[in-house]
Protein chains: 2
Amino acid sequence: MAVYTHLAAEQLAELIAAYDVGSLLSAKGIAEGVSNSNWLVETSGRDGRGARFILTMYERRIEIGDLPFFLDLLDHLAERDCPVPRTIHDRDGASYRLLQGKAVALIEFLPGVSVDYPATAQARAVGQALAQVHLASQDFARSRPNPLDIAKSHEVLEQCGATALGTIDPALPDFVAKAASLCAAWPRDLPRAICHTDLFPDNVLMLGDKVSALIDFYFACEDAMAYDLAVTHASWSFSRGGLQFKPEIGHALLDGYEAVRSLSSREREMLPLLTRGACLRFIASRAEDWLNTPQDALVTRKDPMDFARRFQFYAGAGALAFALPN
Amino acid sequence: MAVYTHLAAEQLAELIAAYDVGSLLSAKGIAEGVSNSNWLVETSGRDGRGARFILTMYERRIEIGDLPFFLDLLDHLAERDCPVPRTIHDRDGASYRLLQGKAVALIEFLPGVSVDYPATAQARAVGQALAQVHLASQDFARSRPNPLDIAKSHEVLEQCGATALGTIDPALPDFVAKAASLCAAWPRDLPRAICHTDLFPDNVLMLGDKVSALIDFYFACEDAMAYDLAVTHASWSFSRGGLQFKPEIGHALLDGYEAVRSLSSREREMLPLLTRGACLRFIASRAEDWLNTPQDALVTRKDPMDFARRFQFYAGAGALAFALPN
């Protein structure tokens with residue numbers, strides 16, 4: 001959560017003038033995104049009746065070369081009725097521009113709030129929306145490999161080193177070996193699509209039980225669809241801190257997904273392994289961030305143990321984690 | 001800039017239900033305010049046509065006992081057509097509520113952007129709006145002394161100590177004595193009102209040349225009206241860093257002010273001294289913050305030298321700073 005760059009109102013007004021969206025009425029830096037600066041921008045709109053947008057400035061981690069993939073993907077999915085904000089193109093048709101040497105994009109603002117305590121109807125709707133994205137992305141022309149796949153998770157944990165991992169929690173060093181064996185067993189034959197790969201509750205905006213927007217596609221890449229479902233399962237189906245599994249949420253999520261796209265028996269069979277892989281991906285990145293973030297820094301470090309607990313749950317429960325709740 | 005507290009969507013929705021503003025549609029933490037957390041909140045509105053608000057959570061520095069003063073002041077000024085956001089009262093008529101043990105208030109959202117490089121027409125409009133506030137506050141029933149008056153500025157600089165001040169800049173230790181002599185010469189006979197005392201460009205929202213909102217009244221207090229004008233003059237009439245005086249901006253500001261409320265000859269005569277006092281107030285608080293903020297903290301420290309340069313300009317120019325530009 002941050003706004004890393006100061007934009008003068010005059011600069012903002014000039015930027016907005018490059019788009020056919022009316023004139024600048026308001027701009028508030030918003031506390032969202034860790035790699036980007038974001039502003040909630042209001043303009044008079046093309047019709048003078050007002051319009052709102054998210055202006056994103058790409059500060060770090062995101063390669064400008066990847067922007068056409070991310071931004072065109074939003075348009076592609078929105079055109080196919082996925083609940084995804086559109087990219088606003090400038091008067092020359094460009095999906096992003098440069099400002100102060102950094103790339104910026106203007107994205108449609110969609111209403112909705114991120115839930116902290118999802119209800120089953122909400123989890124069901126999220127599963128449906130995810131399956132919709134998978135189907136809609138099948139004819140998307142661009143692709144991008146997953147830079148944070150299981151091999152990378154293993155590599156990251158290995159680079160952290162057992163000693164350093166042990167300073168975070170005595171349970172963490174074991175995950176280097178767990179990642180190695182998961183890496184060896186990883187299935188390569190599952191059907192693929194463009195995946196969100198980070199569909200945590202805070203990346204879903206809801207109005208009541210309806211998904212109004214899936215946001216923050218900056219980890220999107222081509223991967224196994226069932227892996228994306230596994231990430232979503234692991235990030236939605238637990239109480240805070242990964243302390244308790246909520247079977248009814250996990251079930252509603254799968255049920256919603258399958259209402260739109262059925263899982264093959266092979267995909268279903270792989271879910272226990274894929275969810276452990278999903279947990280490892282977040283254990284690895286959080287452990288790395290934890291070790292690289294000074295203790296007194298003002299940013300909140302996310303605890304890798306949160307997903308270590310989820311991993312242990314999946315390892316213990318096996319296929320039972322995905323069975324119908326009693 | 002910060003959001004210090006996480007509010008779950010469910011908590012937010014419950015809070016919003018205490019007001020007659022429709023249901024919660026969106027809430028974005030915004031990067032404004034250093035002592036408060038702020039969210040830009042959208043609801044369906046009383047009429048279903050949508051409404052927007054700023055939700056402020058008072059985190060520190062602000063005494064809950066002062067809230068009725070700040071929040072009633074907004075209502076008082078808005079009723080008298082000052083460009084100021086209203087306080088939204090809850091269904092029981094309360095201007096603030098408690099949430100997670102902290103006070104929160106719902107404030108009207110007004111459009112507009114803060115300018116970095118004000119034009120003379122904009123400075124003129126700000127002067128007018130400030131005078132409007134001074135006149136409109138004359139019959140405001142509440143009062144609050146200025147906790148950051150010249151005596152306090154002197155005290156703060158003395159407590160920082162010459163040695164510590166010298167570590168920021170070799171020019172700073174001299175300001176302890178300057179504050180002492182200004183304190184002795186400070187006029188006590190100038191006409192008073194409720195003053196904003198912090199009307200920097202970022203506390204003014206503008207639409208073109210029009211002031212759409214004066215915001216952030218959390219330093220408001222009773223003081224000399226000419227002192228408030230002096231603060232505004234010192235914060236608007238210089239290039240960034242206080243490096244260069246912009247006479248046309250200063251003149252437009254005074255001119256706008258006097259179009260609504262004439263200055264007495266005594267007030268005009270005191271402007272050189274009052275502007276130096278205004279500079280000292282910001283030198284003192286910034287020096288204190290500077291010395292109390294670790295160098296590697298992620299918050300931007302404001303340079304006290306910015307206002308030391310402005311002080312030196314006012315000290316050298318005397319009454320000429322307020323004369324008509326050539």
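Me: What makes A:Ala226, A:Ile283, B:Ala226 and B:Ile283 stand out in the largest nonpolar core?
Reply: This is a predicted model. The largest nonpolar core has 197 residues, and these four touch the most other members. Membership takes a buried nonpolar residue joined to others through C-beta atoms within 7 Å. In soluble globular proteins, nonpolar side chains tend to be buried together.

Me: Which residues is A:Ile283 in contact with, beyond its neighbours within four places in sequence?
Reply: A:Phe175, A:Pro304, A:Phe307, A:Ala308 and A:Phe311. Contact here means C-beta atoms within 7 Å.

Me: How do you know what span to expect of α7(A)?
Reply: Take 1.5 Å times one less than the number of residues. Helix α7, residues 225–236 of chain A, has 12 residues, and 16 Å is expected. From first C-alpha to last, α7 reaches 17 Å, close to that value.

Me: How many helices and strands does chain A have, and why is chain A called as compact as a globular protein of its length?
Reply: Chain A has 10 helices and 10 strands. Its radius of gyration is 20 Å, close to the 20 Å that the globule rule gives for 326 residues, so the description holds. Of those 326 residues, 47% count as buried.

Conventions. Residues numbered from 1 in each chain as written. Chains lettered and ligands numbered in written order. Predicted model: local features only at pLDDT ≥ 70, side-chain atom pairs only at ≥ 80, totals over all residues. Helix = DSSP H or I, 4+ residues; strand = E, 2+ residues; numbered from the N terminus. Rg over C-alpha atoms; globule rule 2.2 N^0.38 Å. Buried ≥ 20, exposed ≤ 12 C-beta atoms within 10 Å, placed from the backbone. Contact = placed C-beta atoms within 7 Å.
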